[in-house]
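Please examine the sequence and the structure shown below. The paragraphs that follow lead through selected parts of the structure in turn.

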Amino acid sequence: MSWGTELWDQFDNLEKHTQWGIDILEKYIKFVKERTEIEISYAKQLRNLSKKYQPKRNSKEEEEYKYTSCKAFISTLNEMNDYAGQHEVISENMTSQITVELARYVQELKQERKSHFHDGRKAQQHIETCWKQLESSKRRFERDCKEADRAQQYFEKMDADINVTKADVEKARQQAQLRHQMAEDSKADYSSALQKFNHEQREHYCTHIPSIFQKIQEMEERRIVRIGESMKTYAEVDRQVIPIIGKCLDGIAKAAESIDQKNDSQLVIEAYKSGFEPPGDIEFEDYTQPMKRTISETSLSNSRGDSKTELKFASKSKGKLWPFIKKNKLSLKLGAGPEDFSNLPPEQRRKKLQQKVDELNKEIQKEMDQRDAITKMKDVYVKNPQMGDPDSLDHKLIEVGQNIEKLRLEVQKFEAWLTEVEGRLPIRGEQTRRQSGIYEAQTTPSVNNCAQDRESPDGSYTEEQSQENELKMMATDFDDEFDDEEPLPTIGTCKALYTFEGQNEGTISIAEGEILYVIEEDKGDGWTRIRRNEDEEGYVPTSYVEVYLDKNAKGAMTYI
């Protein structure tokens, strides 16, 4: 089955068919290209959808995603983002493996087709030229034969006429012979041209055209094979991402299985628990008591006293309904937000204070890391002065030390509030125990100011008398604790590097260059306990003094 033998006379139709094949290939390329655009658009829409529903950073919405159902939703969004990535992979692979390759192949195919049909037209032109030469020699032979016949007839006519001279007859005879010779020559040319044409025609239809058509057939079959391979690639590109897409879907299913309704319920308790006890029973208010008065002054006074007592109980009973009063609810939501979070219920206040302490500790750690980095840089400058002036870093170290001091004071202040709140909350099995290395036996004035009243249900403070008694008890305990302690022995001396104003209780003021005694070294909290004389001692920031411990003291060392 060959186009050269079966379709030897269908040159024009083959030309149209091969052009149609190229058009089909270009149509398929366009189809794949549009598919890649759809995949890219779909992936982009999926990514935008996933991004749209992601919680905003540092927003209230982000806090809500602590629940397992919300975490599962976040996992779903992340898996959908990966899912979108696989559609981008489909688009990229189809573009590189199909669209680009086929576009290059189409250009090569067009060039090859053009070359083959150019050879075919050239062969057609050659055989047409041979045919024209044959026709020309045939017409010349025919014309010469007719001329020879006319010359022969004229000679015979002249020879039969007795009135014609012998010279005219001889002339006619010679003319007839010449025409006959020309006819013979034309005959020979015609015969030669006919043989040549027949030979060329056989070569054309049996050799040249079959060879050209065979190449065209092979070209067309390669085109068909190529488009088939492209369709297989099209399917393979999709099939390659199916396992990854399956993993994305498995991830979504796994996230759904991780949802724990009990855990979410517990988180709701932790988020909204106030820490207050439920209100007690409301006592009966007997308004008939005044009607039972007697003439006796004793009974009258008693009834008045009972009435006052009842009114007092009634007022207390009404105060127990605070959680259900709308006004108090609004005050909790729209409070001004004091620094110690006293506008919040006890449990929520504890959580906020704990969160604040953690944040401040992180900031302290950052400052300490910065101080260590500056110290190392200063050591490098000391060893290699050409790299920089070590003294230029002193002001930075002082600034960092002051920042650490301020942050530590803030931590101690919030820890004191936290300790106070935890002492008022009901005992919990998992209640954390907080300790502050410097504030174990002392509280700052700011703490006393914020924690001087007993907390009321609506977040305010009431019962000033009870508060004053409580402060007196705290102060007495504080003084007793120090009175019971024996004077600590001196373990070394220190020199004040900077002036420190000891405004908080338990601290002591020092002046730059002052020499003092060390009675307790830094326990890791950034404070050193020193003594000026028998009556003056307290804590100062370790970074503000240069300590010289006695060699006989335990762990004696010299540091700044």
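In this predicted model, a search of the whole structure finds zero disulfides. A disulfide is a covalent bond between the sulfur atoms of two cysteines. Two cysteines may be considered here for their surroundings. Cysteine 206 counts as exposed, because its relative accessibility of 60% lies over the 50% cut-off. Cysteine 248, with a relative accessible area of 4%, is buried, because this value is under 20%.

Attention now turns to a tyrosine. Tyrosine 234 has its place in helix α5, which comprises residues 166-257. Is tyrosine 234 buried or exposed? Its relative accessible area is 19%, and tyrosine 234 is therefore buried, since the limit for that class is under 20%.

Which residues does tyrosine 234 touch, if those up to four places away in sequence are not counted? They are Tyr28, Phe31, Val32, Arg35, Met94 and Ile98. With one of these residues, arginine 35, a polar contact is formed: the side chains of tyrosine 234 and arginine 35 meet at 2.5 Å. A further relation concerns glutamine 97, which is 137 residues apart from tyrosine 234 along the chain, while the C-alpha atoms of the two are separated by 8.7 Å.

Key. Residues numbered from 1 in each chain as written. Predicted model: local features only at pLDDT ≥ 70, side-chain atom pairs only at ≥ 80, totals over all residues. Heavy atoms only, no water. Helix = DSSP H or I, 4+ residues; strand = E, 2+ residues; numbered from the N terminus. Buried < 20%, exposed > 50% of the residue type's maximum accessible area, 1.4 Å probe, protein only. Contact = heavy atoms within 4.5 Å. Polar contact = N/O pair within 3.5 Å; in protein donor to acceptor, adjacent residues only side chain to side chain. Disulfide = S-S within 2.5 Å.
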